[in-house]
Amino acid sequence: ITMIFRRKGWLRKEFDEKLLDDINTIRTKWNNQRALVEKSFDPSEEILYETKLIEAKYFYLIKEAKKRNVRIQK
């Protein structure tokens with residue numbers, strides 16, 4: 001039984017690290033997309049839609065990290 005709990009802890013840590021990696025990746029994409037929109041004279045609807053979609057994904061991942069009490073370890 002203790003082996004199952006150890007494995008659960010290991011899996012949780014692995015998924016938490018994946019979540020943090022995803023947050024960093026999406027944040028970079030969102031920042032790049034916002035910079036593109038800001039530099040565009042007349043951004044297309046597709047670019048604006050994509051920016052909003054990336055923003056929604058980012059905030060969803062942040063919300064999920066808060067719910068799971070994921071902390072960045074320094």
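Lys52 and Glu55 join their side chains in a salt bridge, with N and O 3.7 Å apart; the term stands for a side-chain nitrogen of Lys or Arg within 4 Å of a carboxyl oxygen of Asp or Glu. The structure is a predicted model, in which local features need pLDDT of at least 70, side-chain atom pairs count only at pLDDT 80 or more, and totals for chains, interfaces and linings use all residues. Residues are numbered from 1 along each chain as its sequence is written, and side-chain values use heavy atoms, with hydrogens and water left out.

**The chain as a whole**

- The protein chain has two helices and zero strands; helices (H or I, at least four residues) and strands (E, at least two) are DSSP runs, numbered from the N terminus.
- Of the 74 residues in the protein chain, 19% are buried; buried means under 20% relative accessible area, exposed over 50%, and partly exposed in between (1.4 Å probe, protein chains only).
- Among contacts (heavy atoms within 4.5 Å) between residues at least 6 apart in sequence, 71% join residues at least 24 apart.

**Salt bridges: count and background**

- The count of salt bridges comes to four.
- Side chains of opposite charge can pair when their charged atoms come close.

**The pair in helix H2**

- Lys52 and Glu55 are three residues apart in helix H2, so about one helical turn separates them.
- Lys52 is exposed, at 57% relative accessible area, whereas Glu55 is partly exposed, at 22%.

**The pair in helix H1**

- Asp22 and Lys18 form a salt bridge whose closest N and O atoms are 2.9 Å apart.
- Both Asp22 and Lys18 lie in helix H1, four residues apart, which is about one turn of the helix.
- Asp22 is partly exposed, at 26% relative accessibility, and Lys18 is partly exposed as well, with a relative accessible area of 46%.

**The pair between distant parts of the chain**

- Asp16 forms a salt bridge with Arg68, and their closest N and O atoms are 2.8 Å apart.
- This pair links distant parts of the chain, 52 residues apart: Asp16 is in helix H1 (residues 2-39), and Arg68 is in the segment after helix H2 (45-67).
- Asp16 counts as buried, at 14% relative accessibility, while Arg68 is partly exposed, with a relative accessible area of 23%.
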